[in-house]
Amino acid sequence: MENQTNANQDLMIKIPFWKKIGYSVGGATDTLAYDFVALFLMFFMTDMAGVSPAVAGTIVSLGVIWDVITDPIVGALADRTKTRFGKKRTWLIVAVPVLLVSYMLLFTDLGNMSAGAKNAYFIVLSMCFWTGYTFFSVPYYSMGASMTMDNNERSKIRMLGMIIQYVGIFFSNVAPTMMVTLLLSKGLSDYNAWHYTAWMAAILCVITLIIVVISTKDIELDIETEESRKAKEEARAEKKENFFKEAVEVLKIKPYLMLVVMNLAYRIAYCLVITCMAYFLLYSCGLSTMEMSAANMVISFGGIVVVAILMKVVDKVDKVKIFYILNIFTGVVMIIANFINFTSLWMVMVLFILYLFGSCSYWSLNMPMMYDTVEVDEFQSGRRREGTMFSIYLCIQKVGYAVAASLVGQVLARTGYDDTLGANNPQHVLDAIQGMFCLGSGAFFIIAAIIMIAYPLRGDVYQKLYAQLEKKRAGEEYNTEGFAHVLNKKYR
């Protein structure tokens, strides 16, 4: 028992700073993959490859739906993977070639193809890209729950990752339009400028992933207890250990289910913003590509400042409270913005600065809140199923993206959007773009915040739960005083 207690104490380790940095570089990998594709793929297909808006929206949605299918499969496999490279790290290695090749081909138009063949090409490449992204994202984020059990350490690692992620946003949101402008000035066509810019983003994305692979060697902890191993063996013996059964079980965890629903609402809001951004800035606001870069630079470097502030505030204010207050604020700002005529760069910059408060709170805090629910599951079931839990969580994110992308494609098609007209599209088309970007996203930001007002797993509740979980791991007597309300009835 003494050895078990010591083992539990070892789980509260502090991660070496250089390993924190190396792991956190994955935040840049994420934004260089997810954000770049979400921002520019539909725009590339409609305005560079000649795909109709409705079909482009469908292609994006199909790719993301495929990702929804692969997320739980990879999550379940990652929980069971046993190689010399580590459970989650093995999948990061596999992701490198898949992500690189599919990313580069996704932003390549093969030219003289029929409309049907071109559509099929982009569907297949979109599915391949999202498969590679799944190989990276599910193991990467679930790894964060098995690096340390120290709650503050987890939050700091995530916020450090967010600072690096906002540097990644510069290279995924800001630098691309600057690079396109530069390549156009060198005489390249619009297509080639976007094509080669995307290739550079793909290469940079994979370089950051390789850094993560190198830095995460020996970083995963073996948190399985004897109780957890026994539960797995019994499940296998009864042939009941499968993803769908586990998914149903973890979705019964009240705080986890609330996070999943919040995540869906927030991701619809976020993906409305990033999917519409190029159309909104270039056409509704009439900005140039360089002005678009300047506007996005506010998000990139302003985000670093806001996250740095949140790192100080989160030590004094519960992270759940920070989340819902800031997202209500951002939601209200976006709704008001729908009724403003944005005619200059500075007006857009002000909007983006106000948008950052809600955005930064989500990206900084949603994963640490997610990590906390893994311990709720372990307390109840005696098992750690972070791979399964994170795969469902990421699935829901992709569902949000699919909903938003499909909506944008359908609205552009129904309002008569013409890619050859740009800012000269009819006013009702430009208004529809602004409505999706501002009003639609604002409503979903507020919905996400309202869900979290009732969220029960606050910081003090988690500390009580974890203290009793340590006793349970050590085989000592434990109770549920102070946190019984976050447990399923049969565990109270």
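This is a predicted model: local features need pLDDT of at least 70, side-chain atom pairs count only at pLDDT 80 or more; totals for chains, interfaces and linings use all residues.
The structure holds six salt bridges in total, and a search through the whole of it turns up 42 aromatic pairs.

**Salt bridges**

- Opposite charges on side chains can pair up when the charged atoms get close to each other.
- Glu 246 and Arg 383 make a salt bridge with their closest N and O atoms 2.7 Å apart. Glu 246 sits in helix α10 (residues 243-251) and Arg 383 in the loop between α14 (345-381) and α15 (386-414), so this pair ties together parts 137 residues apart in sequence. Both Glu 246 and Arg 383 are buried.
- Asp 372 pairs with Lys 319, and here the closest N and O atoms are 3.3 Å apart. This is another link between distant parts of the chain: Asp 372 belongs to helix α14 and Lys 319 to helix α13 (residues 319-337), 53 residues apart. Asp 372 is buried, as is Lys 319.
- Lys 118 and Asp 109 also meet through their side chains in a salt bridge, at 3.5 Å from N to O. Again, Lys 118 and Asp 109 are both buried.

**Aromatic pairs**

- Among the 42 aromatic pairs is the edge-to-face one of Trp 130 and Tyr 401, with 5.7 Å from centre to centre and 65° between the planes. Trp 130 lies in helix α6 (residues 115-143) and Tyr 401 in helix α15, so the pair ties together parts that are 271 residues apart in sequence. Trp 130 and Tyr 401 are both buried.
- Tyr 140 and Tyr 141 have ring centres 4.9 Å apart and planes at 75°, so they count as edge-to-face too. Both of these tyrosines, Tyr 140 and Tyr 141, are buried.

**Charges over rings**

- Arg 267 places its charged end over the ring of Tyr 34, 5.0 Å from the ring centre.
- Lys 472 does likewise with Phe 379: its charged end sits over that ring, 5.0 Å from the centre.

- Trp 66 has a relative accessible area of 31%, so it counts as partly exposed.

Notes:
Residues are numbered from 1 along each chain as its sequence is written. Side-chain values use heavy atoms; hydrogens and water are left out. Buried means under 20% relative accessible area, exposed over 50%, partly exposed in between (1.4 Å probe, protein chains only). A salt bridge is a side-chain nitrogen of Lys or Arg within 4 Å of a carboxyl oxygen of Asp or Glu. Helices (H or I, at least four residues) and strands (E, at least two) are DSSP runs, numbered from the N terminus. Rings of Phe, Tyr and Trp (its six-membered ring) pair if their centres lie within 6.5 Å; planes under 30 degrees apart count as stacked, over 60 as edge-to-face and the rest as tilted. A charge sits over a ring if NZ of Lys or CZ of Arg is within 6 Å of the ring centre and within 35 degrees of the ring normal.
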